Amino acid sequence: MKPIKTGLIGYGLSGQVFHAPFLQSMPEFELTTVSTSKKEKAEQDLGQIHITPTPDALIQDNDIELIIITAPNEYHFPLAKAALEAGKHVVIEKPFVVHSQEGKELLQIAEANNRVLSPFHNRRWDNDFLTVKKLIEGNALGDVTSYEAHFDRYRPHVRDRWREKDVPGAGILYDLGAHLIDQALHLFGSPEQVQGIARAQREGAEVDDYFHLLLDYNALQVILHSSSLVRATGPKFQVHGTKGSFIKYGTDPQENQLKEGMLPNQFGWGVDSEENYGILTNDEHPDGIRVPTEKGSYESYYEQLAQAIRNEKQLPVSGQEGLNVIQVIEDILHSS
């Protein structure tokens, strides 16, 4: 496969940790240009690479085929629109956009220009979620009646960063909520109705740092929860069905591994510790049995993306799926 010449907009945490390592280590891609004000940091990490302070030069570069957008959320729509109209394939860091109408417009532009458009919902490839998905699809739990997923942290102090400022698309619902909602929609499709609350709990918080959501699928009830004030975390997943239950503690290691400089081809990548293996209890295992966690695989997103661009295969995450998440977020905010 001819490497896909790629440009990266933004070099904050997302660009540094979740995108550049894959773009540089995978033969399907050639990272040629980064748009960032952090020139020294980008050159230190990426070596001899072209750096431009503004996205315009990158978007208008005829050699670049794919643009990855990791700018703050309020800029996702204008940057993606400009890139698609310039004939580029586009990946947008989650959340897809801030408003659903923006997402609908991007889908139309991508289709008109025959370009790939995909939101980066990488946590479909978290090791714990892959394990839950395998158990559900393998009917180990029977018909699922209750699915509860948490993304809790202990961050008691508000930090000086755009995600915690009163700007469009900020707050934990657009951030971690987008992941949990995408995972639920990926497993179960669109709910009959949604309700929930999003609140600011910490002193000095300008945006929501807590949410509790209920997605109603009639017999199946889905609870999605996140808080910034949880010092001692409970289960990450609690899934119950007509045949059994699965309880899983711990967090996928890939984010921390990337921060430490590990790459997907290295030993231990995406592997869970045995102490965090989930417990499956059903008729076959009435006393419960530890289930080895599936291996995490963020690289699968980029592998599938390359196939979609070069060989017109299915996208890892479609633009419509990204839009569906935003529509649920808008419904939650209205409910809240």
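Predicted model: local features only at pLDDT ≥ 70, side-chain atom pairs only at ≥ 80, totals over all residues.
Q: Which residue pairs with Glu 294 in a salt bridge?
A: Side chains of opposite charge can pair when their charged atoms come close. Here a salt bridge is a side-chain nitrogen of Lys or Arg within 4 Å of a carboxyl oxygen of Asp or Glu. At 3.2 Å, N to O, the partner of Glu 294 is Lys 134.

Q: How many salt bridges does that rule give?
A: The count comes to 20. One of them joins Asp 128 and Lys 236, with the closest N and O atoms 3.3 Å apart. That pair links distant parts of the chain, 108 residues apart: Asp 128 is in helix H6 (residues 127-137), and Lys 236 is in the loop between strand S10 (220-227) and strand S11 (237-241). Back to the total: 20.

Q: Which residues are linked in a network of salt bridges with Arg 202?
A: Start with the bridge between Arg 202 and Glu 164, whose closest N and O atoms are 2.9 Å apart. Arg 202 sits in the loop between strand S8 (193-199) and strand S9 (210-217), and Glu 164 in the loop between strand S7 (144-150) and helix H7 (172-188). Helices (H or I, at least four residues) and strands (E, at least two) are DSSP runs, numbered from the N terminus. The network links Arg 202 with Arg 159, Arg 161, Glu 164 and Asp 209.

Q: How much space lies in the largest pocket?
A: On a 1 Å grid over the protein atoms alone, a pocket is an open set of points where a 1.4 Å probe fits, with protein on both sides within 12 Å along at least five of seven lines, and lining residues have an atom within 4 Å of a point. Grid points are joined across faces, edges and corners, and the volume is the space filled by probe spheres set on the points. That comes to about 410 Å³.

Q: Which helix gives the most to the lining of the largest pocket?
A: The lining divides into nine nonpolar residues (Ala, Val, Leu, Ile, Met, Phe, Trp, Tyr, Cys and Pro), three charged (Asp, Glu, Lys and Arg) and nine polar (the others, Gly among them). The top contributor, with three residues spanning part of 13-25, is helix H1.

Q: Which residue does a cis peptide bond join to Lys 94?
A: Most peptide bonds are trans. This one has an omega of about -5°.

Q: What is the phi of Asn 114?
A: Most residues other than glycine have a negative phi. Asn 114, in the loop between H5 and strand S6 (117-120), has a positive value instead. The phi is near 55°.

Technical notes: Residues numbered from 1 in each chain as written. Heavy atoms only, no water.
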